[in-house]
Amino acid sequence: MELAIALIFAACALGAGIAMIAGIGPAIGEGYAVGKSCEIIGRQPECKGSVTTTMLMGCAVAETTGLYALVIAILLIFVAPNLMGNKLVSLISDNKEMLKELAQASSTTAP
Amino acid sequence: MTTEPTKTDLCETDEAPIGRRDRFLTRLWFVLMLLPLLCGMLLKLFLTPPSEGITVTGAQIYFTLSLPFPNLPAPIRDLPITESQVNSALVLLFLFFFCLFLTQGLRTRGKSARQVLAEFIVEKVEGFVSGTMGDGYSGFPPFVCAILMLSAFSSLLALLGLYAPTSDINVVGGWAILVFIMITRYKMKAGFGSYLKGFLEPIPVLAPFNVLSEFSTPISMAFRHYGNVMSGGVIATLVYAALAALSTAVFGWLPGFLGDIPFFQIGLPAVLSVYFDLFSGCLQAFIFAMLTMLYISLAAPEKESS
């Protein structure tokens, strides 16, 4: 039973880490956008205000897919273990007798 | 040569000086404006169950109402009243009295600072709406300003230590569904048949993808707003926990209760909160409003040039 709990927690942690690989996408895209806007400001310094505003708005919209991954990672780290733990506790308390018989059977048949 | 203003220029309050009733009402609205925020802080102080350490959880459920139909199954029957709904109601009350406070005693000449602020807000929002949507959407500035203010002040509640309603997907999802209903209504203005036909373009095989991308609009709007604000809240909680551990490690040798006070929690999280609460919250509110206007103006049928 401890192995099952440990597996579930390990899978949650691993999944959260793999999910955040998606953080690379917005970083590259927004860096490119900021670079372009710097170029334009260098060429025409008087349009600095509106270029900055547009760039910030575009960056906030492009951030969305990174946020999808972040929400999944946060759910996996903070919510899934509690849910899994509660489910396991209720499963164990519901099937106490069956688990006791199984434990006795496995202890008598083990070499 | 001075030109006398005509009778239509002056409103009736211009002639009278600022009376006692006016001053009393201004102060009343100001007090009533701050009262919901105070209520929220008191609620948070008294109704949070004591917990060891700092945990990352969602909204706390205060109590659960039941619909009076005993035949419904339990998940549909229960209406949980959570922190996010209570705080949302408090923000609504705050905005209501804020509007009353700003518009108390309007006059044409000798304007008060509140009236200048109110006129500034109205002019900015109307310019914003007509700049994004074009002409013919004169009914939209109140709706857009309401969404903008509600969203911005809900996220800014985190500055007071309260639970921001926009950290809850249900609140933001509700606004996104509302916007989706408006977009669909504007798309159907050209006729229900052409709305359905629009899914078959450019190739009828792409119909499922078109339906999916239709639903992705409110989902992405809600998720963008919710994800930004919620991640700010989670990072703030984690930083508080880390600073508490750090101050116990550094100051733990102090005698008695002095060793338990988390000294490092004073001031340092406020620097993070400038980005996460102020900048990110206001920017996301602005983007939500801007995307609302963009999608609605794209959904409306093109006006025929006369």
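Val274(B) lies in helix α9 of chain B, which spans residues 268-299; helices (H or I, at least four residues) and strands (E, at least two) are DSSP runs, numbered from the N terminus. The model is predicted: local features need pLDDT of at least 70, side-chain atom pairs count only at pLDDT 80 or more, and totals for chains, interfaces and linings use all residues. Residues are numbered from 1 along each chain as its sequence is written, while chains are lettered from A and ligands numbered from 1 in the order in which they are written.

Buried residues account for 22% of the 306 residues in chain B.

Chain B comprises nine helices and two strands, in the order α-β-α-β-α-α-α-α-α-α-α from the N terminus. Its radius of gyration is 25 Å, well over the 19 Å given by the globule rule for 306 residues, so chain B is more spread out than a compact globule. Here the radius is taken over C-alpha atoms, and the rule is 2.2 Å times the number of residues to the power 0.38.

The contact between the chains takes twelve residues from chain B and eleven residues from chain A, two residues being in contact if their C-beta atoms, placed from the backbone, lie within 7 Å. On the side of chain B that touches chain A, two or more residues each come from α8 (207-251) and α9. The most are given by α8(B), with seven residues.

Definitions and conventions: A residue is buried if 20 or more other C-beta atoms lie within 10 Å of its own, exposed if 12 or fewer, and partly exposed in between; C-beta atoms are placed from the backbone.
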